[in-house]
Amino acid sequence: MTLAEYRGMKPATGEGAVAAPAHREGAHPGPAEYVKIGLTLAVITAVEVAVYYIDALSDVLIPILIVLSALKFSLVVLWFMHLKFDNRLFSTLFVGGLMLVATLFVVVLATLGGKLV
Amino acid sequence: MQHAPALATNTGLDNRKLLMWLFLASECLFFGSLIGAYLLYRDRSVAGPYPEDLFDIPFTSVSAFILLMSSVTMVLALAAIQRGDQHGLRVWLFTTAFLGILFVSGQAFEFTEFNREGLSLSTNLFGTTFFVLTGFHGAHVTVGVLILMSLFVMALRGRLTRAESLHVELAGLYWHFVDIVWIVIFTLVYLIQP
């Protein structure tokens, strides 16, 4: 089964081939939304740095920083890289890479005795 | 959104964009390995200087902010070309490249300061893993700046029209990836210390 058949599309060559698709995807956000996301990212970065300097939060510093970092990462990937709006295959590829990295981290750090802190 | 006509593909997607995402997935592993090596070896140095002796968090925070804002200007450049705004495209491409140069300059300054404090690639395990990780990231930013400047020159010559918006989109994907790698490095390397 070809990928096109798997995805319910017509094959690109041979009988029933689709004529040259210029790729068409979901509409991307406008400049105003990008600026809003940018401001959100700036605020999160400021919070990260502020949290770093607050002694009272030292016990929960690592989880807070990891959550904030993951939030920034997701905002950039979903909105600026358009994974929220583009074809799911792109997300699958990228998330596949991230899953491999996560596996690599766990295996390497567990095997060789590394730690996050 | 409509891009320049591409050859028919089995996926119905433009192969250039698909290839860029495959490349970025492979880059995840590349930087993941370097970050993993850093986390593994940073506190196994038998001699200083150590991270806590050198890191200047306020300075690095400004660098991180600059790179983050360059992602905003990059996506504004894409929005500009997609609506046929040539002036906006040139302004935002140039701004993004400028912010990228600022970031690399900051990194060069930081490397120089660390070297003056006695840290080199071969001083200890922290130095080796730190310089390799952040050095490769800086090299990626530098390549990104070169791509952006090339696009800027193309835009100035009128060779980057709405029909070629995919070029800007692909450059943007690379640039945003470099940014998200720094988001991770900033947290795991600079803010979370043993």
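Let's start in the loop of chain A between α3 (61–80) and α4 (88–112), where we find H82(A). Helices here are DSSP runs of H or I with at least four residues, strands are runs of E with at least two, and both are numbered from the N terminus. What is the phi of H82(A)? It is near 65°, a positive value in a residue other than glycine. As a reminder, most residues other than glycine have a negative phi, and most peptide bonds are trans. H82(A) also counts as buried, because it has 22 C-beta neighbours inside 10 Å. For burial, the C-beta atoms are placed from the backbone, and a residue is buried if 20 or more others lie within 10 Å of its own, exposed if 12 or fewer, and partly exposed in between.

Before I go on, a word on what you are looking at. This is a predicted model, in which local features need pLDDT of at least 70 and side-chain atom pairs count only at pLDDT 80 or more, while totals for chains, interfaces and linings use all residues. Residues are numbered from 1 along each chain as its sequence is written, and chains are lettered from A and ligands numbered from 1 in the order in which they are written.

Now for the rest of chain A. Chain A has 117 residues, and 20% of them count as buried. If you take the contacts in chain A between residues at least 6 apart in sequence, 43% join residues at least 24 apart; a contact here is a pair whose C-beta atoms, placed from the backbone, lie within 7 Å. The chain is divided into domain 1 (28–84) and domain 2 (87–117), with bounds that come from an automatic or database domain assignment. How far apart are the C-alpha centres of these two domains of chain A? They lie 21 Å apart.

On to chain B. This one has six helices and zero strands, in the pattern α-α-α-α-α-α. Its C-alpha trace spans about 60 × 35 × 25 Å along the principal axes. Of its 194 residues, 45% are buried. For contacts in chain B with a separation of 6 or more, 80% come from residues 24 or more positions apart.

Let me take you to helix α1 of chain B, residues 15–41, and its partner α6, residues 165–191. Their axes come within 11 Å and cross at roughly 15°; axes are lines fitted to C-alpha atoms, for helices over the stretch in contact, and angles run from 0 to 180 degrees between N-to-C directions. The two helices are therefore roughly parallel to each other. On that scale, under 35 degrees is roughly parallel, over 145 roughly antiparallel, 65 to 115 roughly perpendicular, and the rest oblique. On the α1(B) side, the contact includes M20(B), L24(B) and F31(B), and on the α6(B) side it includes L170(B), F177(B) and V184(B). By class, that contact has 15 nonpolar, no polar and three charged residues. The classes are Ala, Val, Leu, Ile, Met, Phe, Trp, Tyr, Cys and Pro as nonpolar, Asp, Glu, Lys and Arg as charged, and the others, Gly among them, as polar.

What about α1(B) and α5(B), residues 125–156? Here the axes come within 9 Å and cross at roughly 160°. That makes α1(B) roughly antiparallel to α5(B). Among the residues in this contact are L34(B) and Y41(B) of α1(B), along with F130(B) and F136(B) of α5(B). The residues divide into ten nonpolar, one polar and no charged.

A cis peptide bond joins G48(B) to P49(B), with omega about 0°.

Then there is M74(B), in helix α3 (residues 57–82) of chain B. Is M74(B) buried or exposed? It is buried, with 29 other C-beta atoms within 10 Å. Leaving aside neighbours within four places in sequence, M74(B) is in contact with T96(B), G172(B), W175(B) and H176(B).

Last, S165(B) lies in helix α6 of chain B and is buried, with 24 other C-beta atoms within 10 Å. S165(B) and A80(B) are 85 residues apart in sequence, and their C-alpha atoms are 9.4 Å apart in space.

Notes: Two residues are in contact if their C-beta atoms, placed from the backbone, lie within 7 Å.
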